[in-house]
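I set out to record, entry by entry, what I looked up in this structure. The entries follow below.

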Amino acid sequence: MLRLRPIHSSAQLDRGGFLAAHSLIRNPATCLSRSLSFTVRGADSARVTIKGRFRMASEDGRNKRIAKIASAIRVIPNFPKPGIMFQDITTLLLDPKTFKDTIDLFVERYKSMDISVVAGVEARGFIFGPPIALAIGAKFVPMRKPNKLPGEVISEEYSLEYGTDIMEMHVGAVEAGERAIIIDDLIATGGTLCAAIRLLERVGVNVIECACVIELPELKGRDRLGNKPLFVLVSSV
């Protein structure tokens with residue numbers, strides 16, 4: 001199931017703005033079903049409100065890309081153990097256009113946010129993180145499981161459903177004051193992302209947002225992130 005949220009906009013327009021709004025409404029190629037509310041003030045101070053359901057062409061294109069991404073993700077029941085519905089992104093990677101659309105949607109979001117660090121969570125965060133980092137001019141920092149990094153590391157222990165695990169990052173990979181996003185393929189309970197946030201914030205990094213291709217909303221991982229924003233492309237059924 002896709003999470004496609006309606007976008008609501010409002011604007012106060014002068015007379016010139018009214019002409020632009022009038023043109024927008026008359027052009028079905030550029031607005032289809034987005035919710036807009038224009039409040040127009042004319043020279044005589046009269047107020048006219050124009051309301052309707054519209055959708056910008058750019059938003060329509062974005063939604064088509066998200067729908068294609070959702071359809072490219074394969075769900076495998078009872079893997080890696082009974083009762084688990086595994087969200088398999090390898091089928092998405094087999095389609096170069098859909099894979100590129102996935103990366104592009106993240107790049108479009110972060111290219112103007114002055115991000116200097118893209119932190120990727122092992123292992124599938126390593127697939128999406130590096131191309132995003134290259135496109136926005138940021139460095140990629142791998143967040144790894146224990147004993148995978150060869151240099152001096154800083155570690156963060158976190159809880160799993162049955163036991164604990166550890167996440168590590170190279171000392172010196174990031175600097176205090178840098179702006180970071182954390183990338184993974186999926187958020188379930190949110191424990192891994194929380195560990196990544198704590199690890200980066202311990203060394204003074206400003207974590208701007210977490211980003212995932214898929215969310216399993218029934219596991220309420222978003223709630224565990226507290227006030228840290230989460231950006232996802234699709235939600236599972």
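**Entry 1. Contacts along the chain.** I took the contacts in the protein between residues at least 6 apart in sequence and found that 57% of them join residues at least 24 apart. I note here that the model is predicted. I then counted secondary structure and found seven helices and 12 strands in the protein. For burial, I read that 41% of the 237 residues of the protein count as buried.

Entry 2. I looked up I66, whose place is in helix 2, residues 57-72. Is I66 buried or exposed? I find I66 buried, its relative accessible area being 1%. I also checked I66 against L233, which lies 167 residues apart from I66 along the chain. The C-alpha atoms of I66 and L233 are separated by 6.5 Å.

**Entry 3. Helix 4 and helix 5.** I began with a reminder that two packed helices are described by the angle between their axes and the distance between the axes. I then examined helix 4, residues 96-110, and helix 5, residues 125-136. Their axes come within 9 Å and cross at roughly 50°. I recorded the crossing in which helix 4 passes helix 5 as right-handed.

Which residues make the contact? On the side of helix 4, I listed F99, T102, I103, F106, V107 and Y110. On the side of helix 5, I listed I127, F128, P131, I132, A135 and I136. Sorted by class, the contact of helix 4 with helix 5 has 11 nonpolar residues, one polar residue and no charged residues.

**Entry 4. Cysteines.** How many disulfides does the structure hold? I found zero disulfides.

C194 has a relative accessible area of 10% and is buried, because buried means under 20%. C210 counts as buried too, with a relative accessibility of 0%.

Notes:
Residues are numbered from 1 along each chain as its sequence is written. This is a predicted model: local features need pLDDT of at least 70, side-chain atom pairs count only at pLDDT 80 or more; totals for chains, interfaces and linings use all residues. Side-chain values use heavy atoms; hydrogens and water are left out. Axes are lines fitted to C-alpha atoms, for helices over the stretch in contact, and angles run from 0 to 180 degrees between N-to-C directions. Helices (H or I, at least four residues) and strands (E, at least two) are DSSP runs, numbered from the N terminus. A crossing is left-handed if the near helix is turned anticlockwise from the far one by less than a right angle, and right-handed if clockwise. Contact means heavy atoms within 4.5 Å. Ala, Val, Leu, Ile, Met, Phe, Trp, Tyr, Cys and Pro count as nonpolar, Asp, Glu, Lys and Arg as charged, and the others, Gly among them, as polar. A disulfide is a pair of cysteine sulfur atoms within 2.5 Å. Buried means under 20% relative accessible area, exposed over 50%, partly exposed in between (1.4 Å probe, protein chains only).
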